[in-house]
Amino acid sequence: YLQSLHKEQFIRAALLAEKTGYDAMFIATIPDVGLWEARTLVDIPVVGYGQASLHMASMLGNRIGIINFLEPLADELRHNAKRYGLGGKLGPIVRIDAGFDEILAGFANPDPVILAFERAAQKAIDQGADVIIPGEGPLNVFLATFNISRVGDVPVLDSFAAGIKMCEAL
């Protein structure tokens, strides 16, 4: 129910983006809230963080791992991956031992969040992931800010960059 309330802002934003002359819209939340509905209402491309990330990650590896701090999203992310035709490539979804507040605090003191991310990513890698998607926007921004693009030999996707590039391509 809360997701259905949340999607209204993205649908309105898509309508406003088209009305004011934008070429595309990026929904920067991994569950792609309102993505399908917005696409039915506007003629500009509407790109979702989750969809763009999963497709880009599928070109970098064969088993996608997601590291997130909102554990209840796991079922929705698996459902979306199936909807996008990538359910067979989605592997482990691992919770990072840092929440929203810790990630924000990490901009001033990054080491604890970097270590928590690396531990969670290593769990996903140990479960077969060969590419990692940061599960929420704040974590993605944090990792990009501190140039975390790999854990060992495994690439860590910049999901915002993937979404923006997808908007540009469309």
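## Salt bridges, a cavity and a helix

Let's start with a pair of side chains: K7 and E37 form a salt bridge, with their closest N and O atoms 2.9 Å apart. That pair links distant parts of the chain, since K7 is in helix α1 (residues 2–19) and E37 is in helix α2 (residues 35–41), 30 residues apart. A salt bridge here is a side-chain nitrogen of Lys or Arg within 4 Å of a carboxyl oxygen of Asp or Glu. The helices are DSSP runs (H or I, at least four residues), numbered from the N terminus.

Before going on, a word on where this comes from: the model is predicted, so local features need pLDDT of at least 70, side-chain atom pairs count only at pLDDT 80 or more, and totals for chains, interfaces and linings use all residues. Residues are numbered from 1 along each chain as its sequence is written, and side-chain values use heavy atoms, with hydrogens and water left out.

**The salt bridges**

The structure holds three salt bridges.

| Pair | N to O distance |
|---|---|
| K7 and E37 | 2.9 Å |
| E8 and R12 | 2.9 Å |
| E168 and K165 | 3.2 Å |

How exposed are these residues? Buried means under 20% relative accessible area, exposed means over 50%, and partly exposed is in between (1.4 Å probe, protein chains only). K7, at 22% relative accessibility, counts as partly exposed, and E37 does too, at 30%.

E8 and R12 are four residues apart in helix α1, so about one helical turn separates them. E8 is partly exposed, with a relative accessible area of 37%, while R12 is exposed at 56%.

Over in helix α8 (residues 159–169), E168 and K165 are three residues apart, so about one helical turn lies between them. E168 is exposed, with a relative accessible area of 54%, and K165 counts as exposed at 51%.

**The cavity**

How many cavities of 30 Å³ or more does a search of the whole structure find? It finds one. A cavity is a set of points, on a 1 Å grid over the protein atoms alone, where a 1.4 Å probe fits but cannot get out; lining residues have an atom within 4 Å of a point. The largest cavity holds about 40 Å³ of space, a volume being the space filled by probe spheres set on the points.

Around the largest cavity you'll find I30, G50, L54, I66, L77, N80 and Y84 as the lining. Helices α3 (49–60) and α4 (74–83) each supply at least two residues of that lining. Sorted by class, the lining has five nonpolar, two polar and no charged residues. In this sorting, Ala, Val, Leu, Ile, Met, Phe, Trp, Tyr, Cys and Pro count as nonpolar, Asp, Glu, Lys and Arg as charged, and the others, Gly among them, as polar.

**A serine in α3**

S53 is also found in helix α3. This serine, S53, is buried, with a relative accessible area of 0%. Leaving aside residues up to four places away in sequence, S53 touches I133, L157 and S159, where contact means heavy atoms within 4.5 Å.

**Helix α6**

Helix α6 (residues 111–126) has 16 residues and reaches 22 Å from its first C-alpha to its last, close to the 22 Å expected at 1.5 Å a residue. The expected span is 1.5 Å times one less than the number of residues. Within α6, the buried residues include V113, I114, A116, F117, A120, A121, A124 and I125. Just after α6 comes G128, which takes a positive phi of about 105 degrees.

Notes
On a 1 Å grid over the protein atoms alone, a cavity is a set of points where a 1.4 Å probe fits but cannot get out, and a pocket is an open set with protein on both sides within 12 Å along at least five of seven lines; lining residues have an atom within 4 Å of a point.
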